[in-house]
Amino acid sequence: MSAPTAPTRPVTIVPMRRRHLRGVLRIERHSVHARWSTGLFLNELAGTNRCYVVALDDAARSTTRAVVGFAGLLCTGPDAHVTTIAVHPDARRAHIGTRLLLVLATEARRRGAEAMTLEVAASNAAAVALYECFGFQVEGVRAGYYAELGEDALVLWMSDLAGDAAGRRLAAIAAGLDPALHTEELIG
Ligand SMILES: CC(C)(COP(=O)(O)OP(=O)(O)OC[C@H]1O[C@@H](n2cnc3c(N)ncnc32)[C@H](O)[C@@H]1OP(=O)(O)O)[C@@H](O)C(=O)NCCC(=O)NCCS
């Protein structure tokens, strides 16, 4: 990864709770897809085999404004599915998305997942670039997946999630982040 274009900022990553949802939806509304409602998030939080996290801005005071990013994971059998990930537009390019994805990948490995997958719109260059940093590869296309955008989804997989190579890759990404400016509570 090259130098970030936004200043790094201290964030703490914690499990998503109902009290974070106003802040989460504030970010979701900025997303091109913006398909997730409060009810959908509540269902996910109540579901089993899920892991939802938020990135909290350590400098912010109110809970709503403190949420600068979020991400979710669904583990089914050997596969871990990244269901959502977003960072507030004002907080992008500060490696918060990287931190969120690192937490999900680490948690997926801890739960015994062998592979990790997600869908992304082909035009979403920022997200595709983030996933490439983690070693995700395009393995298919879901036609019309983003019907509201008239766009297909690329299906990405990290097929070697459980292996040593992926472990080394994730460790290298973590080592490349600035530890001095970030506090983090990894879950699990
Ligand atoms: C995709 C998203 C989560 C990335 O979050 P982020 O915190 O800005 O990403 P990071 O700072 O961790 O970026 C990590 C790397 O990804 C790549 N990247 C991220 N954003 C990029 C952009 N706009 N253009 C090019 N590369 C980008 C870079 O390689 C970057 O490393 P670098 O900054 O050291 O060069 C964010 O852009 C977002 O919330 N988008 C809207 C929601 C969305 O599209 N979610 C994905 C749905 S599949």
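Tutor: **The largest nonpolar core**

Of the 45 residues in the largest nonpolar core, those touching the most other members are V53, F70, L100 and L104. A nonpolar core here is a set of buried Ala, Val, Leu, Ile, Met, Phe, Trp, Tyr and Cys residues joined through C-beta atoms within 7 Å. Helix α4 (residues 96-110) supplies the largest share of this core, 8 residues. The model is predicted: local features need pLDDT of at least 70, side-chain atom pairs count only at pLDDT 80 or more, and totals for chains, interfaces and linings use all residues. Numbering starts from 1 along each chain as its sequence is written.

A residue counts as buried if 20 or more other C-beta atoms lie within 10 Å of its own, exposed if 12 or fewer, and partly exposed in between, with C-beta atoms placed from the backbone. Of the 188 residues in the protein, 29% are buried. In soluble globular proteins, nonpolar side chains tend to be buried together.

Now consider F70. Apart from neighbours within four places in sequence, F70 is in contact with M16, V24, I27, V53, V54 and A86; contact means that the C-beta atoms of two residues, placed from the backbone, lie within 7 Å.

The loop between β4 (79-87) and α4 holds H95. Helices (H or I, at least four residues) and strands (E, at least two) are DSSP runs, numbered from the N terminus. H95 is buried, with 24 other C-beta atoms within 10 Å. Its phi is near 70°, a positive value in a residue other than glycine. Most residues other than glycine have a negative phi.
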